[in-house]
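Here is a friendly walk through one protein model, meant to be read with the structure open beside you. Take a look, and then we will go through it place by place.

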Amino acid sequence: TKNCQNCEKDFVIEPEDFKFYEKIKVPPPTWCPECRLIRRLAYREDRSLYKDKCENCNKEIVSIYNEDSPFKVYCISCWHGDSWDGIEYGKEYDFSKPFLEQFYELQKVVPNQATGSKNSSDLGYCNGNIRCKNCMLTFDGYESINCYNCQTPGFVRDSMDSDFIINGDHIYETLDSNGVYNTKFVYFSDECMDSAFLFNCIGCSNCFGCVNLRNQKYCIFNKKYTKEEYEKEIKNWNLSNYDTLRKIEKKFWDFYYKIPRRFALITNSVNVTGDDLRNTKNCQSCFATRMGVENSKFIFMAGLLMKDSYDSTLCGGNTELYYENSGGMHSQRCFFSRACYDSKDIEYSNKVYNCSNCFGCTNLKNKKYCILNKQYTKEEYENLIPKIKQHMLEMPHVDSYGRIYKYGEHFPSDLSLFAYNETWAHKYFPLMKEEALKKGFKWYEEKERNYKITLKFNDLPDNIKDVPDSILNEVIECTHKGECNEQCTEAFRILPNELQFYRQINIALQR
């Protein structure tokens, strides 16, 4: 039993945990699992996007770094181009300063990618997409096409306002579901089609307002109908009118809360603890795992054959021996890092592609045996690394709250690339500004916007059939008016493809 140096609550390190730490040769953690998760998420940007200029070609771009950020930013084509090399910014290691402070200074001068998309085309206001096409306001997508306002769609097409979907087509307001087609307001359901308002249903089609059903057809609020009865009855549940849609939503959630629910959503998994686990084996305290996660602990949102890892978030794709990592794919033996791709033997690094044996490197491609982006020989590297780790133990970074970051700790919150309210930490552990600052996080104050709202949300047509094409020219007021504790933009526009989608699925405009 140890006492967390952040929240000062006790937490337990099990014998098998010590075996893992010994295997990868790192000291045991001094922060509890939840504080470690928040610390990692505070390094992961969320949906915040800003206007910027590429500091290489001077082109106007969209960036994940706000205008007050001290970091150098390149557009995607310049960042992936041959006009620069991260090795040019290499620094000699300075044993008179804490390592983490040296690394933070290095991150200020090495060009950062404006948005983290790769091998994608026709993206508007997007970030973190891999092999995606024609998407708008979509984040962390994988091989998806025609997605609007989506988070983490994998193998998804023609979908809107849907998050954490694998294999979806023509879906709207669908969450955490697999293999779905033509669904609306569907949550934690698999292999369903032509349905709306479902929770925890599997193999269902032509169902409406149903909870916990398996392999059913023609059901409304869990009541079975014949095909003819269903087709007649479903006409009474019209989603094209906004007021009616809100009433249906309330009826569905009232119904949902009356029905018993499973203690956790665990599918095709053995020897696991946690929630929202699919195809997972021998994993403890894990959440939102997909498609083959094994022998791991304290994992959040990972999949695609991830094995033998601890304390990692938003990563996967044949990864192995990950520890205290955020992001990355196809990598092995990566510790205390962010966004390692096709790399191995990486520590305390950020955004490295196809690299190996790197320590304290940022925005580096196709390199090996580098420290603070400086190239070394194999012998020099192997001689210097133990000295740096010892130096981190003897001269750690100490933040203004007295928290000590020796070798073995993830990057500290006060040296994050982003403010708390720009990150996934705020999404899952929301704080008010005063709370965030008190805990040592940074906070970004939204700048005053200069657009003019031309249409109040109360003045939108109730029925999608009454929406004119001229709606595309309007700047529409958000119902929250910026008063929520979210990343509210206070106003929004309807795009041509978006309006076409609403009309196609016959659903009212959102407010």
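This is a predicted model: local features need pLDDT of at least 70, side-chain atom pairs count only at pLDDT 80 or more; totals for chains, interfaces and linings use all residues.

Although leucine 305 is not a glycine, its phi is positive, at about 65°. Its relative accessible area is 45%, which lies between the 20% and 50% limits, so leucine 305 is partly exposed.

Asparagine 182 is another non-glycine residue with a positive phi, here about 55°. Asparagine 182 belongs to strand 12 (residues 178-187). With a relative accessible area of 24%, asparagine 182 is partly exposed.

## Around threonine 174

Is threonine 174 buried or exposed? Its relative accessibility is 2%, under the 20% limit, so threonine 174 counts as buried. You can find threonine 174 in strand 11 (residues 163-175).

Which side chain makes a polar contact with that of threonine 174? The partner is threonine 183, and the contact is 3.1 Å. Once neighbours within four places in sequence are set aside, the residues in contact with threonine 174 are Asp161, Ser162, Asp163, Ile165, Val180, Thr183, Lys184, Phe185 and Val186.

## Aromatic pairs

The model holds 52 aromatic pairs. One of them joins phenylalanine 300 and tyrosine 428: the ring centres are 5.2 Å apart and the planes meet at 80°, over the 60° limit, so this pair is edge-to-face.

What does this pair tie together? Phenylalanine 300 is in strand 20 (residues 293-303) and tyrosine 428 is in helix 8 (residues 424-428), so the pair links parts that are 128 residues apart in sequence. Phenylalanine 300 counts as buried, at 13% relative accessibility, while tyrosine 428 counts as partly exposed, at 33%.

## Charges over rings

Two further sites bring a charged side chain to an aromatic ring. At one, the charged end of arginine 261 sits over the ring of tyrosine 256, at 4.7 Å from the ring centre. At the other, lysine 365 lies over the face of tryptophan 79, and here the distance to the ring centre is 4.6 Å.

## Nonpolar cores

How many residues make up the largest nonpolar core? There are 60, and the ones with the most contacts inside this core are Val26, Phe99, Tyr323, Tyr348, Phe359, Ile371 and Met392. Several elements each supply at least two residues of this core, including helix 1 (15-24), helix 4 (99-109), strand 23 (319-329) and helix 7 (378-394). Also among these contributors are strand 5 (73-74), helix 3 (76-80), strand 25 (338-341) and strand 30 (368-371).

## Phenylalanine 429

Our last stop is phenylalanine 429, in the loop between helix 8 and helix 9 (433-438). Its relative accessibility is 24%, so phenylalanine 429 counts as partly exposed.

Not counting residues up to four places away in sequence, phenylalanine 429 touches Glu34, Leu37, Ile38, Leu41 and Tyr420. How far from phenylalanine 429 is glutamine 500? The two are 71 residues apart in sequence, and their C-alpha atoms are 36 Å apart in space.

How values were computed. Residues are numbered from 1 along each chain as its sequence is written. Side-chain values use heavy atoms; hydrogens and water are left out. Helices (H or I, at least four residues) and strands (E, at least two) are DSSP runs, numbered from the N terminus. Buried means under 20% relative accessible area, exposed over 50%, partly exposed in between (1.4 Å probe, protein chains only). A polar contact is a pair of N or O atoms within 3.5 Å; within protein, one must be able to donate a hydrogen and the other to accept it, and residues adjacent in sequence count only if both atoms are side-chain atoms. Contact means heavy atoms within 4.5 Å. Rings of Phe, Tyr and Trp (its six-membered ring) pair if their centres lie within 6.5 Å; planes under 30 degrees apart count as stacked, over 60 as edge-to-face and the rest as tilted. A charge sits over a ring if NZ of Lys or CZ of Arg is within 6 Å of the ring centre and within 35 degrees of the ring normal. A nonpolar core is a set of buried Ala, Val, Leu, Ile, Met, Phe, Trp, Tyr and Cys residues joined through side-chain atoms within 4.5 Å.
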